[in-house]
Amino acid sequence: MKRSPEAKRIEEVLRCSRIVAGGFFGNDTRILEEIIETDAASLVKLGTTAPRIAVRMREITDRGKAGLGTTVKFDEKREVVVDENRGQTVCPWPHAGGYQKTIATVRRLDTGTTARWSDLSLHFIEAHGFFQGRGSVFRVEPEDLVAVLFD
């Protein structure tokens, strides 16, 4: 497969640590398109989409922000805490916008499982279908994320 110069540039930025320590690929050696395609196939098997997941992530994050850093009960099965830090990060894909340095951690009360994401991670999933590379700080396997977000 012939890769575009733009895809190569985006991957280079995602792999480096200019935006986030360790980059967004972690120790994953796959190319960007392969990571996105593999995760998209997982979503098909799970019967959901990246935009649907992002809507739920945003809903949970927004509810958690009301707690000002304390744990908030989202529903009977989930609680969330959102930590906000100063500043913004940018997306390496070519579009405008900055994303707050906000980190949401949601925990299933019935299973004890957790998932954690940043505002930029949520954007990556929603706009680019990018769950990040294996070993990156905010990588969440689609199967694990779906299990935490939905009943």
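In strand E2, the bridge partner of Lys73 is Glu79, where strands (E, at least two residues) and helices (H or I, at least four residues) are DSSP runs numbered from the N terminus. The structure is a predicted model, in which local features need pLDDT of at least 70 and side-chain atom pairs count only at pLDDT 80 or more, whereas totals for chains, interfaces and linings use all residues. Residues are numbered from 1 along each chain as its sequence is written, and side-chain values use heavy atoms, with hydrogens and water left out.

The chain holds five helices and four strands, and from the N terminus on these elements follow the order α-α-α-β-β-β-β-α-α. The radius of gyration of the chain is 15 Å, close to the 15 Å that the globule rule gives for 151 residues, so the chain is as compact as a globular protein of that length; here the radius is taken over C-alpha atoms, and the globule rule is 2.2 Å times the number of residues to the power 0.38. Taken along the principal axes, the box filled by the C-alpha atoms of the chain is roughly 50 × 35 × 25 Å.

The four strands form an open sheet in the order E1-E2-E3-E4, with antiparallel pairing, two strands being counted as paired if DSSP finds at least two bridges between them. Strand E1 (72-73) and strand E4 (114-118) are the edge strands, each of which pairs on one side only. E1 and E2 are joined in the antiparallel sense over two bridges, and they form a hairpin with four residues between them. The pairing of E2 with E3, also in the antiparallel sense, extends over 11 bridges; Val80 has Val106 in E3 as its bridge partner, while Thr89 stands opposite Tyr99 in E3.

Strand E3 (residues 98-108) pairs with E4 in the antiparallel sense over five bridges. Along this pairing, Ile103 stands opposite Ser118 in E4, Ala104 is placed opposite Trp117 in E4, and the bridge partner of Thr105 in E4 is Arg116. The hairpin of E3 and E4 has five residues between the strands, and in this hairpin Gly112 takes a positive phi near 80°. In a regular strand the side chains alternate between the two faces of the sheet.

Two helices are placed against the strands. Helix H5 (residues 142-149) lies across E2, E3 and E4 and runs at about 105° to E4, where axes are lines fitted to C-alpha atoms, for helices over the stretch in contact, and angles run from 0 to 180 degrees between N-to-C directions. Contact means heavy atoms within 4.5 Å.

Helix H3 (residues 50-65) packs with H5 at an angle of about 50°, the two axes lying 11 Å apart. H3 and H5 are therefore oblique to each other, given that angles under 35 degrees count as roughly parallel, over 145 as roughly antiparallel, 65 to 115 as roughly perpendicular and the rest as oblique. The crossing of H3 and H5 is left-handed, a term that applies if the near helix is turned anticlockwise from the far one by less than a right angle, with right-handed used if the turn is clockwise. Ile53, Arg56, Met57 and Ile60 in H3 meet Leu145, Val146 and Leu149 in H5. By class, this contact of H3 with H5 has six nonpolar, no polar and one charged residues, where Ala, Val, Leu, Ile, Met, Phe, Trp, Tyr, Cys and Pro count as nonpolar, Asp, Glu, Lys and Arg as charged, and the others, Gly among them, as polar.

The axes of H3 and H4 come within 8 Å and cross at roughly 160°, which makes H3 roughly antiparallel to H4. H3 passes H4 in a left-handed crossing. On the H3 side the contact includes Ala50, Pro51, Ile53, Ala54, Met57, Arg58, Thr61 and Lys65, and on the H4 side Asp119, Leu122, Ile125 and Glu126. By class, the contact of H3 with H4 has seven nonpolar, one polar and four charged residues.
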